[in-house]
Amino acid sequence: MNTGPALVSILRQGDTLVASVHTALDDSEMVRFQHDLVSRIGEHRARGVIIDVAALDVIDSFASRTLRSIADIARLRGAVTVIVGIQPEVAISMVRLGMDMGDVPTSLDLEEGLAYLARLNDPRQGRHG
């Protein structure tokens, strides 16, 4: 039984899930996070997913691939994923190592991520605004 602090919190805000990663996750924790988040997408019929990685000072290749995989799975389940909060030093390291988030949208912070999803869901702009 885990009695320590939560490594990740997943909160619902309307039809959006906000997953905040609070500390670095090892590979097995990353896979568990992926499973939990994908389950919640179906459970809550989420249309948007925001993954906040602001607390991370490193995003390795496995974490990067897993985040892209979460976004692909979410898309197949009808939800758009936005990664928010990538620290400047982390972004620099990712670029130097040739890693990126693929076609997964990124935003500076949670507020901008929510605004991005709101623009996508604006009926005046269509689903892909």
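Buried here means under 20% relative accessible area, a cut-off applied below to a model that is predicted.

**View 1. Thr16 in strand β2.** Thr16 has its place in strand β2, which covers residues 16-21, and because its relative accessibility is 7%, this residue counts as buried. When its neighbours within four places in sequence are left aside, Thr16 is in contact with Leu11, with Gly48, Val49 and Ile50, and with Leu114 and Leu117.

**View 2. Ile59 in the loop between β3 and α2.** Ile59 lies in the loop that runs between β3 (48-52) and α2, and with a relative accessible area of 6% this residue is likewise buried. Its contacts, leaving aside neighbours within four places in sequence, are Val53, Ser64, Ile86, Val90, Met94 and Met99. Ala79, by comparison, is 20 residues from Ile59 in sequence, and the C-alpha atoms of the two are 23 Å apart in space.

**View 3. The crossing of helices α1 and α2.** The axes of helix α1 (residues 27-44) and helix α2 (residues 61-76) come within 10 Å and cross at roughly 15°, and α1 is therefore roughly parallel to α2. The crossing in which α1 passes α2 is right-handed.

**View 4. Residues at the contact of α1 with α2.** From α1, the residues Asp27, Met30, Val31, Phe33, Gln34, Leu37, Val38 and Ile41 meet Phe62, Ala63, Thr66, Leu67, Ser69, Ile70, Ile73 and Ala74 of α2. The residues of this contact divide into twelve nonpolar, three polar and one charged.

Key: Residues are numbered from 1 along each chain as its sequence is written. This is a predicted model: local features need pLDDT of at least 70, side-chain atom pairs count only at pLDDT 80 or more; totals for chains, interfaces and linings use all residues. Side-chain values use heavy atoms; hydrogens and water are left out. Axes are lines fitted to C-alpha atoms, for helices over the stretch in contact, and angles run from 0 to 180 degrees between N-to-C directions. Helices (H or I, at least four residues) and strands (E, at least two) are DSSP runs, numbered from the N terminus. Angles under 35 degrees count as roughly parallel, over 145 as roughly antiparallel, 65 to 115 as roughly perpendicular and the rest as oblique. A crossing is left-handed if the near helix is turned anticlockwise from the far one by less than a right angle, and right-handed if clockwise. Contact means heavy atoms within 4.5 Å. Ala, Val, Leu, Ile, Met, Phe, Trp, Tyr, Cys and Pro count as nonpolar, Asp, Glu, Lys and Arg as charged, and the others, Gly among them, as polar. Buried means under 20% relative accessible area, exposed over 50%, partly exposed in between (1.4 Å probe, protein chains only).
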